[in-house]
Amino acid sequence: MIDAVIFDLDGVLVRTDGLHYRAWKVIADAEGIEFDERINDQLRGVSRMESLEIILRRATRAYTPEEKQALAERKNAIYRDLLQSLCPADVLPGVNELLSGLSARDVALAVASSSKNARTILDRCGLTQRFGVIVDGNDISRSKPDPQVFLMAAEKLGIPPERCLVVEDAEAGILAARRAGMHVFGIGTPRNLPGVEPIAESLSQVNVATLIGRN
Ligand code: B16
Ligand code: MG
């Protein structure tokens with residue numbers, strides 16, 4: 001029995017990966033580090049500093065902790081500028097209908113995101129009021145694949161993990177949800193999320209019955 005659905009944000013409710021990519025690309029180009037969309041795929045669901053570490057694996061020199069901090073701050077400033085263009089039309093297809101359907105059946109709703117910009121994104125997209133609980137990168141000390149963000153969301157909802165379903169698009173997030181002892185629904189393809197079942201390419205293909213197994 002599922003009493004709560006906990007949604008990842010980037011890649012599930014809204015697509016901001018293209019904006020993350022543009023911001024990281026500015027940083028990587030300025031530093032002369034190879035960076036493309038394939039490498040960007042490895043950053044899904046991963047925290048900002050861990051994303052930077054993945055990018056710096058291709059650097060030709062070592063960076064000090066201060067330099068890393070400065071690069072991460074510059075990336076975030078560029079990214080936040082890009083977020084100014086987000087609006088309700090950027091909410092992914094099927095999301096609003098599904099949230100309405102779940103709320104109508106008294107299913108509790110939460111967002112659990114690694115992003116420290118999650119609240120800005122939800123506000124700009126008109127989604128904030130839809131969720132009883134929002135846990136983001138500012139609330140946690142360990143990012144996905146650690147289960148902390150999902151366990152915190154379940155605790156704030158007051159619902160045990162085994163009655164929660166997590167909707168995730170990133171391998172790190174799927175692993176985190178499994179470690180939290182929660183049910184998982186993947187958003188993606190069997191190729192980028194091998195072994196994840198059930199799965200759909202988009203929430204536009206999902207209704208309340210397919211998600212939580214009841215009408
Ligand atoms: P920020 P999610 C994640 O959000 C993104 O998928 C990931 O690409 C990003 O690096 C991370 O948030 C941190 O974002 O720099 O805004 O704090 O998928 O967990 O909602
Ligand atoms: Mg995601």
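D17 is buried (under 20% relative accessible area, with exposed meaning over 50% and partly exposed in between; 1.4 Å probe, protein chains only), its relative accessible area being 19%. This is a predicted model in which local features need pLDDT of at least 70 and side-chain atom pairs count only at pLDDT 80 or more, while totals for chains, interfaces and linings use all residues. Residues are numbered from 1 along each chain as its sequence is written, chains are lettered from A and ligands numbered from 1 in the order in which they are written, and side-chain values use heavy atoms, leaving out hydrogens and water.

**View 1. The pair R15 and D17.** A salt bridge is a side-chain nitrogen of Lys or Arg within 4 Å of a carboxyl oxygen of Asp or Glu. Between R15 and D17 the closest N and O atoms are 2.6 Å apart. R15 is partly exposed, at 44% relative accessible area.

**View 2. K25 and D29 in helix α1.** Helices (H or I, at least four residues) and strands (E, at least two) are DSSP runs, numbered from the N terminus. Helix α1 covers residues 17-31 and holds both D29 and K25, four residues apart, about one turn of the helix. Their side chains form a salt bridge of 3.2 Å, N to O. D29 is partly exposed at 46% relative accessibility, and K25 is partly exposed at 24%. Elsewhere, salt bridges with shared partners link R15, D17, D41, R44 and D169 into one network.

**View 3. The pair D3 and R163.** The closest N and O atoms of this salt bridge lie 2.3 Å apart. D3 is in the segment before β1 (4-7) and R163 in the loop between α7 (148-157) and β4 (164-168), so the contact ties together parts 160 residues apart in sequence. R163 is partly exposed, at 35% relative accessibility.
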